[in-house]
Amino acid sequence: MEDTKYSPEFETKWYEFWEKKGYFQPKDDQNAENFSIVIPPPNVTGALHIGHALNGTLQDIMVRYKRMKGYNVLWVPGTDHAGIATQNMVEKDLASKGIKKEDLGREKFVEKVWEWKEKYGNRIVEQIKRLGLSCDWSRLRFTMDEKLSKAVRKVFVELYKEGLIYKDKYIINWCPRCHTALSDLEVEHKEEEGKLYYIEYPFEDGNGGVIVATTRPETMFGDTAVAVNPNDERYKDIVGKKVILPIKNKPIPVIADEYVDMEFGTGVVKITPAHDPNDFEVGRRHNLNLVVAIDDYGRMTNEALHYKGMDRLECRSKLVAELESKGFIKNVAQHRHAVGHCYRCKTTIEPYVSEQWFVRTKPLAEPAIEAVKDGRTRFIPQNWEKTYFEWMYNIKDWCISRQLWWGHRIPVWKCEDCGKYTVSEEDPAVCEHCGSNNIKQDEDVLDTWFSSALWPMSTLGWPEQTEDLKRFYPTSLLVTGFDIIFFWVARMMMMGLHFMKDVPFRGVYIHALVRDQYGQKMSKTKGNVIDPLEVVEKYGADSLRFTLAILAAQGRDIKLSEDKIEGNRRFMNKIWNAYRYIKLNTEGQTFDEKPKKLSQASVWIKSRLAKTIRKVEDALNQYKFNEAASAIYQFTWHEFCDYYIEMSKVHMDDEFSYSIKYTLLEVFEAILRLLHPFIPFITEELWQKLPNKKGESIMIAEYPKFKESDIAEELESAMDTVIDIIRAIRNLRSEYNIPPSKRIKVFVKTEDEKVQSILVNFKNYIHALALVDELSITTKPVDGCVVQSTVYADIYLPVEGNIDVEKEVERLTKLLKKQEKSMNFLNNKLNNEAFLEKAPKELVEEKRAELEEVTRLYNKTKGIIEQLKGLKR
RNA sequence: GGGCGCAUAGCUCAGCUGGAAGAGCACCUGCCUUACAAGCAGGGGGUCGUAGGUUCAAGUCCUGCUGCGCCCA
């Protein structure tokens with residue numbers, strides 16, 4: 001016999017079993033609908049974190065659910081080469097051995113990264129498997145696979161030919177540490193305490209000067225103008241004059257531009273087109289020169305005179321000192337402002353002018369906006385559409401070149417002779433313009449997100465017209481976090497619509513972020529991470545999965561703590577022990593024949609099961625994972641275990657002996673199937689042991705179907721009466737500290753014939769669940785008893801010796817107060833003319849009946865109290 | 001500065017289309033009742049952030065305010 005404590009050690013065994021059986025691969029049923037998902041590819045070098053666990057669990061629930069519903073299901077897994085992240089990691093590794101990537105050279109370095117990928121790239125895959133995710137591993141993809149790289153090239157070349165990719169000298173976000181350009185999205189803005197320096201720029205004519213305010217004085221070596229707002233009365237007369245740039249002693253013009261905020265500082269700002277994105281635009285409008293004062297390593301150039309070669313931040317402090325000593329600094333103020341940081345290495349971003357490749361996004365965004373507007377792609381929850389639209393309407397061109405070595409090399413060759421570009425899918429031998437063989441490939445690689453943008457099509461085989469592509473594109477669902485709606489979702493929409501002429505996915509389920517129990521983001525530095533692998537080790541993957549699912553309410557972040565996972569392990573344990581009970585009673589018997597007659601409890605539980613199935617399906621169809629999970633939890637624990645199993649004990653040796661066991665197995669088996677998408681392992685483990693299983697695995701069994709014919713309203717309402725009476729008896733037992741070991745005698749007083757007949761018919765259940773050994777129906781009060789009234793009947797419990805009158809009066813007075821409150825509420829309502837007139841008739845009737853009922857109870861309670869008080873005297 | 005979201009029991013949160021507030025954990029009491037002490041039974045606890053409005057009826061719809069998050073610039 002199994003141990004009373006569930007232990008999840010069987011998990012890996014079942015995963016191997018499923019994989020070996022090929023269940024993760026789609027069926028080939030021509031009549032069935034297709035359901036496909038592509039996994040958001042984790043970084044090859046990454047380690048599984050709780051976010052992956054949530055993301056994967058939710059997808060797996062849908063995938064397993066649909067599979068059991070009979071769909072042809074395909075879930076494509078894969079990993080992302082993660083340009084900067086991976087390169088940084090390998091660089092760091094090499095650095096620890098004292099090697100710089102430049103020492104190796106590009107080719108050798110890239111080789112090293114591939115080695116790294118071979119070595120560690122599978123780690124995350126293995127970790128994902130441990131969670132039970134049923135991806136089709138025979139279709140595992142990597143963004144730098146040969147075929148996927150071909151797709152990348154094709155897309156680049158076609159977009160280039162359509163004029164949607166261009167090269168431009170532009171100010172971009174530059175990470176001096178990673179030594180590469182970053183897209184706007186890859187910059188994280190953080191509020192920082194900084195200083196605002198007020199520096200005087202004297203007029204060229206020697207008559208005073210203007211004071212400019214800047215947070216970055218070191219960029220002054222790149223200043224080519226100072227600017228004021230054209231509407232600023234204070235500075236009307238100085239526009240067109242010249243000022244002298246301090247230290248450099250170079251005259252620069254005063255210009256007027258709407259961009260200048262009159263409220264900021266003095267209303268005069270310095271314009272440094274090469275080192276500030278806004279100034280860059282101003283410079284373009286006013287034809288200003290680009291003077292580069294800081295180089296790509298964040299060091300000062302020779303424009304900075306004696307500061308040449310110095311780091312920009314060191315230069316700042318030294319320069320401020322010099323300016324101060326020379327009297328140029330008029331004031332220094334504290335100033336909070338947003339500073340950009342590299343999303344990978346957190347280094348402060350340096351705006352930098354350079355030649356980069358860009359994707360013209362506007363023409364691509366329009367169809368992507370349309371597709372969501374007309375519902376071809378639906379966001380769940382729908383609010384996220386707003387976020388998507390907001391960004392799409394204000395989309396900027398996408399800088400796609402990165403000065404890295406790891407990634408898809410840009411397929412552009414520049415001719416050293418004619419200077420023109422050859423852009424080609426195949427490596428060209430000669431320049432397509434002049435035929436020269438003196439051509440050189442662009443050094444840069446593409447933004448990682450460029451290849452991810454193609455993920456749904458490229459993993460299915462595009463540009464080849466594969467069977468998979470035909471069958472599974474558009475995919476059915478994408479499950480991802482809100483943090484990559486712009487990075488990824490939006491770009492997949494653009495690329496998918498452009499190249500496939502159809503959306504990449506029908507639905508986008510946006511899930512929450514997993515935070516710690518205090519709502520803090522989990523991070524290694526804070527030390528508040530919950531490691532999914534540790535948790536799985538300790539509690540099992542099922543407990544983690546169920547916890548994530550039951551917490552995954554739409555639109556709210558998940559605050560996770562180990563307690564919660566432990567709490568759900570108890571649920572696993574409950575299921576485990578329910579199985580033990582069933583096994584104990586059914587072992588060695590066969591259950592091939594349907595029972596002819598069911599006991600009342602069985603009819604009831606089947607009705608409840610049917611309703612639960614309906615609830616679960618409704619919830620899952622709306623992606624309400626928490627509702628689905630709690631519906632089954634509630635049913636399994638509080639109806640099946642708390643009531644049905646207890647009631648089943650009554651029938652073990654009576655005429656229903658076979659039928660009750662049959663139904664126990666039947667309902668339990670259905671519970672396991674209902675739960676399988678959430679907790680695949682324990683459900684398989686137990687299902688395999690059931691004598692009534694059909695098929696070789698629960699994974700490919702049919703999902704429970706709602707059966708209208710199982711609904712038994714009349715019986716359910718009778719059972720409500722029974723449960724109500726059981727509760728009342730238990731309550732009295734508890735109030736009088738009667739231990740379970742002591743069976744009792746009760747009188748149930750009711751004049752209602754219906755209730756009387758229920759009492760007769762369901763007597764056994766009351767005996768068993770309320771631990772009663774003698775139940776008498778009466779229409780008269782019984783002496784020497786404590787009483788508890790319910791809507792249906794009054795329970796009289798004989799007490800040995802004397803009744804503690806005071807305690808009893810106290811208890812009942814409390815009850816009386818409640819009933820009084822209730823009466824008042826209902827009376828108010830029913831005395832309200834407007835309510836009687838305007839509220840629905842049924843509601844009014846309902847309230848009338850309620851009032852009648854409460855009044856009856858109130859009078860009863862009152863009577864008992866008075867009687868008790870009389871006794872006291 | 002623009003946008004989004006949240007405020008319900010001590011804690012973490014459910015509450016769909018408006019008809020007298022729910023769960024899990026924690027707490028209190030009693031129990032090893034033959035599936036389960038990782039359990040069973042019972043119990044206490046909320047004027048649903050605040051001020052208005054719509055309505056016969058508001059946690060639920062609308063507006064202002066306060067507090068707290070997040071995203072974008």
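A polar contact is a pair of N or O atoms within 3.5 Å; within protein, one atom must be able to donate a hydrogen and the other to accept it, and residues adjacent in sequence count only if both atoms are side-chain atoms.

## Ground rules

This is a predicted model, where local features need pLDDT of at least 70 and side-chain atom pairs count only at pLDDT 80 or more, while totals for chains, interfaces and linings use all residues. Residues are numbered from 1 along each chain as its sequence is written, chains are lettered from A and ligands numbered from 1 in the order in which they are written, and side-chain values use heavy atoms, with hydrogens and water left out.

## Overall form

Chain A holds 28 helices and 29 strands; these are DSSP runs numbered from the N terminus, with helices being H or I of at least four residues and strands E of at least two. Its radius of gyration, taken over C-alpha atoms, is 37 Å. That is well over the 29 Å given for 873 residues by the globule rule (2.2 Å times the number of residues to the power 0.38), so chain A is more spread out than a compact globule. Along the principal axes, its C-alpha atoms fill a box of roughly 115 × 65 × 55 Å.

Of the 873 residues, 56% count as buried, meaning under 20% relative accessible area with a 1.4 Å probe and protein chains only; exposed means over 50%, and partly exposed lies in between. Among contacts (heavy atoms within 4.5 Å) with a separation of 6 or more, 77% join residues 24 or more positions apart.

## The RNA surface

Here 45 residues surround RNA strand B, and the closest are R556, R580, P740, S822 and K838. A residue is near the strand if one of its heavy atoms lies within 4 Å of it. Sugar and phosphate make up 62% of the RNA atoms that come within 4 Å of the protein. In K838, a polar side-chain atom lies 2.3 Å from a phosphate oxygen of RNA strand B. For N577, a polar side-chain atom is 3.0 Å from a sugar or linking oxygen, and for N832 an N or O atom of the side chain is 3.2 Å from such an oxygen.

Which helix gives the largest share of this surface? It is α18, with 10 residues. Helices that each supply at least two residues include α18 (562–586), α26 (805–830) and α28 (841–872). By type, the surface divides into 17 nonpolar, 11 polar and 17 charged residues; Ala, Val, Leu, Ile, Met, Phe, Trp, Tyr, Cys and Pro count as nonpolar, Asp, Glu, Lys and Arg as charged, and the others, Gly among them, as polar.

## Covered helices

Helix α6 (residues 123–130) is mostly covered, with 6 of its 8 residues buried. Among them are the charged residues K129 and R130. Just after α6, G132 takes a positive phi of about 90°.

S607 lies in helix α19 (residues 600–621) and counts as buried because its relative accessibility is 0%. Leaving aside neighbours within four places in sequence, S607 is in contact with D710, I711, A712 and E716.

## Backbone points to check

Most residues other than glycine have a negative phi, and most peptide bonds are trans. A82, in the loop between β3 (78–79) and α3 (83–96), has a phi near 50° and is buried at 7% relative accessible area. N287 has a positive phi of about 55° but is exposed at 70%.

The I380 to P381 peptide bond is cis, with omega near -5°, and so is the bond from W462 to P463, with omega near 10°.
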